[in-house]
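Student: I have a model open and want to go through its side-chain packing. Can we take it step by step?

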Amino acid sequence: MLNMRVIRKLLKHLWQVLAAFAYSSVLRLRILMSCLRCCVAKVHALPGHSTDSKSSTADSCCAGASSARCPQAALPLPLHQITSTNITSSTQDAVSSSIPPYAVPDPYICNPPGITPRFVPFAANDVLRYDNRPLVDKTRERDYIPALMTQFPNESCPWLNGGWQLCIHPEGALYLHDMNRKTYTEAIMDETTFHLLAECVDRLYETARAKSAHLETDNIELVLQLWLSEGEMTCQYYFVDHATRTLFWLHDNREATMNIFSGLRGVNDLSHIRFALESEYWTHCERYPNHQMDRVKLLKELREVVMHASAEIITSDISLSPFDADELSRILELINHLRENAEENDFPHSTCIIARFMHYFYRAKFFNFCGLPCARLDADRSVYEEDTGFHPLISPLSLVFEAMLFWAPQAHLKNLRRVWVDECINTPRWKDFNRSLMTEWTGITIYSTVMLAVDVSFLAVPNVNINQSQSIGIITTYLSIIFITGSLIASVLLARQNQRYGFESADKAAEFLSNLTNTFFGVKALAIVHSLPYAMLMWGMIYFAIGLLYNVFKFTTPAMLASIVGGCIVVVMFISWFIWAAGEVRIFQRLAKSILSFISVR
């Protein structure tokens, strides 16, 4: 179901992009035709009109063309490049006062006059700060610094008015802040989009007054951005209440399952939803750290949370902490440094640091159903009912695959289910899981290299006649070389893949596992893939043993043959006893369990 929702969302975004391109082309054609009509009208005008009036009319037409742009879209699209001409320095200064010194992302398609954007609730995590960033226009640059210049204002948004001002995030991102109305937005827009956005702010506060919502307080903030959706302009927004540390909206949020709950199933209790909203609240505080917070109190709260997580991860192997022991100790050290400047609110860096860590902890509380009777208390335990039904096709096939692969997928599946619990990832356990995989595949690579050398050396033994290609010993040796080579290649490929994706963040790791496990066999498919190097190595060893024993039995005297058979029996007995004692093979138990499940379903 989650996969189908993601596909529908991607198709929806694709349709939005195509509609944007079509609408943009039509609008630009109309603007070009209007500019041509203006120029033709000026040519046929009365002689009393001067050249300055012509140029001003042409400039107004061009200004109308340049203003027909809208804010950034969700998907990365081609960027407009601002063209430059050989003009004087005074003209350059005049132009630089109205055009931002960067290429604004496309499409910037504004609504026709009289049509206002539709308001859509969205989450703090969906703010378009890191997507579709504008590029630097290399054609616009200054080649000198005037004498006695001591003031260096930011010229990115020269059309700001009212209480709006430019703010720079500690990461370097530029955003806009209206101090009078406690409003934030990203600084990736042109003048026309800015005025449209200002109108949206007025309409939102008018809607709030109509609903008797008192939002004129210092604890309420508004964040909004313009978005082209399904061929129409939408204004995405959310309000922040610093008193309750939550987000809220003036309209029903119909997409909360995806943009707030991250697709988590079973979200129903309001106290549970609060953790999701508080997680989004801390994301807002990290991206817009202008609100004056009680940092001393927040640092005490964060310190208590980190110390409890440190004690839990030291004393338990199934801790729910989103950080490992080393990371938690470094966070505690960082908190001690932050306490030195906790009472000073001149710098936003401390607020960003506190908010980022609080976001991770509250996000973990939400995914673990904190505060509910069904709360997850162990990192490897699911909060949903396990599906133990018998599938008439998957169950027999998985049993056959496990037998062919020496029951290695069963062990990998158990480890995967301890990490990939309810389609959620615990970051420390994910890192430990990948380290163990790397160790296993590195060891198998060494064993495969040794076995490959043994097989090739065996073919060079004088008693092994390579010219007899139909010999059982030669055929099994060739099969051993093939399986050993396959094991070596699979180990190298999986190790390389693990180095690329294994130590990603929790979000990227969850997306990576979702793509791999959304198949017919689900998580079992990934367990089978992980066990291929070991299984092929075992088959290579078995084929080598068959070829060796065939040549030994064929060219050995009866007395020596008896001793070799006795030794083989002893080795097979010890191996069988170890497999049975270690519980590696439980085929009868699994068959009985599958039959009982099938009967219960019937």
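**A histidine and some rings**

Tutor: With a relative accessibility of 5%, His169 counts as buried. Bear in mind that this is a predicted model.

Student: Where does His169 lie?

Tutor: Look at the strands on either side. β4 covers 164–168 and β5 covers 174–178. His169 sits in the loop between β4 and β5.

Student: Which residues does His169 touch, leaving out those up to four places away in sequence?

Tutor: Contact here means heavy atoms within 4.5 Å. With residues up to four places away in sequence not counted, the list for His169 is Arg129, Tyr175, Glu286, Arg287, Pro289 and Cys352.

Student: How far apart in space are His169 and Pro289, C-alpha to C-alpha?

Tutor: In sequence, 120 residues separate His169 and Pro289. In space, their C-alpha atoms are apart by 7.8 Å.

Student: Which backbone nitrogen lies 3.0 Å from a polar atom of the His169 side chain?

Tutor: A polar contact needs N or O atoms within 3.5 Å. The 3.0 Å distance runs from the side chain of His169 to the backbone nitrogen of Glu171.

Student: Now the rings. How many aromatic pairs does the structure hold?

Tutor: Ring centres must lie within 6.5 Å to pair. On that basis, the number of aromatic pairs in the structure is 23.

Student: What geometry does the pair of Phe369 and Tyr384 have?

Tutor: The centres of Phe369 and Tyr384 are 6.3 Å apart, with 90° between the planes. An angle over 60 degrees is the cut-off to apply. The Phe369 and Tyr384 pair is edge-to-face.

Student: Are Phe369 and Tyr384 buried or partly exposed?

Tutor: Buried means under 20% relative accessible area. Phe369 has 3%, so Phe369 is buried. Tyr384 has 25%, so Tyr384 is partly exposed.

Student: Which charged end sits over the ring of Tyr384?

Tutor: The distance to the ring centre of Tyr384 is 4.5 Å. The charged end belongs to Arg265.

Student: Why is the pair of Phe458 and Phe544 edge-to-face?

Tutor: The ring centres of Phe458 and Phe544 are 5.6 Å apart. Over 60 degrees counts as edge-to-face. The pair qualifies because its planes are at 80°.

Student: Which helices does the pair of Phe458 and Phe544 tie together?

Tutor: Both residues are buried. They are 86 residues apart in sequence. Phe458 lies in α12 and Phe544 in α15, so the pair ties together α12 and α15.

Terms used: Residues are numbered from 1 along each chain as its sequence is written. This is a predicted model: local features need pLDDT of at least 70, side-chain atom pairs count only at pLDDT 80 or more; totals for chains, interfaces and linings use all residues. Side-chain values use heavy atoms; hydrogens and water are left out. Rings of Phe, Tyr and Trp (its six-membered ring) pair if their centres lie within 6.5 Å; planes under 30 degrees apart count as stacked, over 60 as edge-to-face and the rest as tilted. Buried means under 20% relative accessible area, exposed over 50%, partly exposed in between (1.4 Å probe, protein chains only). Helices (H or I, at least four residues) and strands (E, at least two) are DSSP runs, numbered from the N terminus. A charge sits over a ring if NZ of Lys or CZ of Arg is within 6 Å of the ring centre and within 35 degrees of the ring normal. A polar contact is a pair of N or O atoms within 3.5 Å; within protein, one must be able to donate a hydrogen and the other to accept it, and residues adjacent in sequence count only if both atoms are side-chain atoms.
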